[in-house]
Amino acid sequence: MIVDVSSQFSLKRRRFTNIDPMEAEEAKAKLAAAKEKFGREIRVFETSAASSSQTEESITEETDEFFEFTAEDYYRIMNAKKEDKVLKTRKLKEAEQAARRSRITKTVIRVRFPDNHTLEATFYPSETVQSLVDLLTKVVARPELPFYIYTTPPKKQIKDTSQDFYSAGFVPGAIVYFSYNIPKADDTSDAKSGPFLQEEIMSLKGLELLTKHAEPVESAPETIPEASPPVVQEKKPAEKKPVKPKWLKL
């Protein structure tokens, strides 16, 4: 019996890409140089105008009364606490919190500027918010001008920069906003229109996308040679010796 084995071909293909590998290498080199200079990973990208406009509307249109803590909020929180049937001691809570902190090795902070650009940087959770302020002093276009960072909604200026990121609630990541702290009637009010980041930092814009999407150029398909079918030898029937019949007498 002969077994018919069909031929099998395996083609290893890679997607085409329009990104030049040299550009990807240059992008990696720039990001690595920025990390070495500032001591942390830095990314720059541009946010959509729609998201920024929605943020501005939430800041300008909603009053502080909208975010006030009401009696309804109080009773809702109290009811939620009653549903918690597990009573945890203070030491147990501290142990669980310490365990959660030990599992988180970094936090990603994004700083959004009024010109729709975002600066992303990584920090250790144990670092203080002051390390973020120090970084902004090095990368903003007008470091001589006073500035502040805040969260929203509601708009709340971050004044205590001595607390670490974990205590500030910025772990595993957070979005903060940048603003110059200058009066409107000041001669330097044009600084509020940007640019807000130095040219060196702006040159990092979009480089991470180049490094992520860059892939090797398509190579020639590798083929596996066709496996030759096994040769099955046909068995010949065994030769039988002639047998003398019993009735034949010589």
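User: Is Y150 buried or exposed?
Analyst: Y150 is buried, because its relative accessibility is 9%; buried means under 20% relative accessible area, exposed over 50%, partly exposed in between, with a 1.4 Å probe and protein chains only. This is a predicted model, where local features need pLDDT of at least 70, side-chain atom pairs count only at pLDDT 80 or more, and totals for chains, interfaces and linings use all residues. Residues are numbered from 1 along each chain as its sequence is written, and side-chain values use heavy atoms, leaving out hydrogens and water.

User: What sits over the ring of Y150?
Analyst: The charged end of K155, 4.7 Å from the ring centre. The criterion is NZ of Lys or CZ of Arg within 6 Å of the ring centre and within 35 degrees of the ring normal.

User: How many aromatic pairs are there?
Analyst: The structure has 9. One of them joins Y148 and Y150, tilted, at 5.9 Å centre to centre and 45 degrees between the planes. Rings of Phe, Tyr and Trp (its six-membered ring) pair if their centres lie within 6.5 Å; planes under 30 degrees apart count as stacked, over 60 as edge-to-face, the rest as tilted.

User: Why is the F178 and F196 pair edge-to-face?
Analyst: Because the planes of F178 and F196 stand at 75 degrees, with the ring centres 6.2 Å apart. Both residues are buried.

User: Which residues make up the ring cluster?
Analyst: F113, F147, F178, Y180 and F196, linked by ring pairs.

User: Switching to K138. What does K138 contact?
Analyst: Leaving aside neighbours within four places in sequence, K138 contacts F38 and Q198, contact being heavy atoms within 4.5 Å.
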